[in-house]
Amino acid sequence: MNSESDFIKTVFGLKLKQQRQKKNWSLQDLAIKTGLSKSYLNEIENGKKYPKHDKIIQLSEALSCTFDDLVSTKLDKSLAPFNEILQSDFFKEIPLDLFGINKNNLISIISDAPKKVTAFINALIEISQNYNLGKERFYFAVLRSFQELYDNYFPEIEEKVSEFIQENELQGDKNLQSDILEKILTDKFNYTVQSESFEKYGTLDHLRSLFIPEKKLLLLNKKLEKDQKTFILTKEIGFNVLELKVRPNTYSWLDFGSFEEILNNFYASYFAGALLISKEPVMEKTSEFFQQNKWEPKDFENLINSFTHSPETFYYRLTNILSAEMGIKDLFYLCLVKKKGSDKIQILKELHLNHQQAPHANATNEHYCRRWVAVKNLHHLKENETLTDAQISHYKDQGISYLVISTSQKNPFSDGSNRSYCLGILLNSQTIKKISFIKSPSLKTINVGVTCESCSIADCEVRQAPPVRLEKEQFNLSMKSAVERIRRELKMEN
């Protein structure tokens with residue numbers, strides 16, 4: 001809650017509503033009994049107003065309860081679970097208004113069925129503990145939900161980028177020089193930018209940048225490649241242009257203090273991507289690429305290279321453009337990583353702009369499908385190579401298919417780890433019309449699963465683990481079928 005006063009008003013409103021519901025009265029009934037207006041009583045119950053002393057007496061007399069029953073901040077057993085929630089940082093750290101949720105409406109929903117909602121909250125807590133869903137994972141899940149709600153397209157930031165480009169007479173493309181960006185930071189925002197060798201600080205050698213706000217000093221790791229440096233400088237400009245005060249000071253993350261930091265970091269990153277890859281040119285060239293009749297990996301690599309040297313930036317930028325500007329809304333984006341010397345595949349980033357959720361990350365150490373084009377690329381990738389390919393991935397168990405385009409490369413900053421970026425477009429009547437090369441002979445259709453543990457493909461040549469989760473589900477179905485058969489037989493005997 002924002003203050004002690006908010007907490008007291010909220011608790012009073014909950015207790016008033018509870019006393020009213022005990023008598024099975026509507027707000028109108030209570031208004032008639034007390035002479036107070038219905039709208040005023042509604043504001044009290046929603047925690048917006050706290051009544052004066054004489055009004056509390058009127059309420060207590062009408063409800064046949066004591067003055068203390070209403071004003072005490074001690075909650076009875078049925079409302080006790082709210083105490084911790086109301087006094088925690090939940091409402092402060094998660095900006096519910098991003099999702100169109102009013103704090104008081106949420107409290108009202110909880111108060112209508114406290115036992116059921118409390119059971120639901122406890123279930124979420126238990127699930128999070130069992131699946132290792134810590135605070136950081138939870139916050140990033142909230143951020144993804146926010147992005148998906150808005151199709152990962154934010155016109156206000158796009159407009160800010162356009163204004164910034166015009167004011168500074170820039171061109172939003174791969175030729176944007178880091179020295180120009182440094183000059184903007186120093187001249188307009190009073191920064192000092194300097195390269196630093198982080199090797200002498202041990203583990204900080206893998207840190208890309210450090211911002212020291214007291215001095216407006218931005219330290220950049222000397223190991224940074226050109227594109228990495230450009231992105232960090234552009235993102236730093238984004239923090240300033242968008243006036244984002246609460247922010248992380250390191251890249252990559254070391255720690256975070258609140259959800260606002262994560263949200264603002266996303267906004268600044270969005271600004272950077274929009275500045276580095278301008279909207280109109282990428283729309284035009286991507287549309288032309290989709291109108292080709294044949295899938296050619298080299299053509300897609302050329303498309304990327306016409307805008308940036310960073311496949312990751314390009315793939316992610318497409319999630320903004322395809323949905324909002326080209327009408328391709330059913331898509332997903334994944335970033336997968338395979339560390340040097342390890343056969344384990346991890347999903348580092350994911351975004352789903354649809355409700356299918358077929359290829360998704362899990363925290364249970366299950367094995368991602370080796371038939372995914374992004375995973376195959378990771379295994380076939382050679383030193384200093386960039387590998388692009390595509391396939392139609394048919395998720396047999398869900399009965400859906402995606403066009404999946406993937407580019408893999410060695411990650412130059414993380415000691416030889418390899419990364420795959422992939423974009424999946426759900427194949428339906430609309431997307432098939434927009435992508436001419438979908439029937440190209442060079443585009444193979446491959447049956448895939450999500451993880452080996454849940455996959456029903458019987459003859460998979462690259463299976464990493466038995467389908468234990470699927471087998472358990474099938475066993476349960478078999479048990480249910482047997483129980484139903486016994487019931488039918490007994491019914492026939494009778």
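Tutor: Let's begin with a term: a salt bridge is a side-chain nitrogen of Lys or Arg within 4 Å of a carboxyl oxygen of Asp or Glu. The structure is a predicted model, in which local features need pLDDT of at least 70 and side-chain atom pairs count only at pLDDT 80 or more, while totals for chains, interfaces and linings use all residues. Residues are numbered from 1 along each chain as its sequence is written, and side-chain values use heavy atoms, leaving out hydrogens and water.

Student: Why is the pair D54 and K55 called a salt bridge?

Tutor: The closest N and O atoms of D54 and K55 are 3.9 Å apart. The cut-off is within 4 Å, so the pair counts. The structure holds 17 salt bridges.

Student: What makes D54 count as buried, partly exposed or exposed?

Tutor: Buried means under 20% relative accessible area, exposed over 50%, and partly exposed in between (1.4 Å probe, protein chains only). D54 has 42% relative accessibility, so it counts as partly exposed. K55, with a relative accessible area of 24%, is partly exposed too.

Student: What is the nearest side chain of opposite charge to K235, and how far away is it?

Tutor: That is E236, at 7.5 Å. Lys and Arg count as positive, Asp and Glu as negative, and His and the chain ends are not counted. K235 is buried yet has no salt bridge. K235 sits in helix α13 (residues 226-241). Leaving aside neighbours within four places in sequence, K235 is in contact (heavy atoms within 4.5 Å) with Y251, N265, A268, S269 and A272.

Student: Why is helix α17 described as largely enclosed?

Tutor: Count its residues: 13 of the 16 in α17 (residues 311-326) are buried, so the rest of the structure largely encloses this helix.

Student: How is α15 oriented to α17, and how do you know that?

Tutor: The axes of α15 (residues 279-290) and α17 come within 10 Å and cross at roughly 85°. That angle makes the two helices roughly perpendicular. The classes are: under 35 degrees roughly parallel, over 145 roughly antiparallel, 65 to 115 roughly perpendicular, and the rest oblique. The axes themselves are lines fitted to C-alpha atoms, for helices over the stretch in contact, with angles from 0 to 180 degrees between N-to-C directions. Residues making the contact include V282 and F290 of α15, and L318 and I321 of α17.

Student: What makes S64 stand out in its phi?

Tutor: S64 has a positive phi of about 60° although it is not a glycine. S64 lies in the loop between α4 (53-63) and α5 (67-71). With 61% relative accessibility, S64 counts as exposed. E169, also not a glycine, has a positive phi near 50°. E169 is exposed as well, with a relative accessible area of 74%.

Student: What makes the peptide bond from Y251 to S252 cis or trans?

Tutor: Its omega is near 10°, and the bond is cis. S252 is in the loop between β4 (250-251) and α14 (259-276).

Definitions and conventions
Helices (H or I, at least four residues) and strands (E, at least two) are DSSP runs, numbered from the N terminus.
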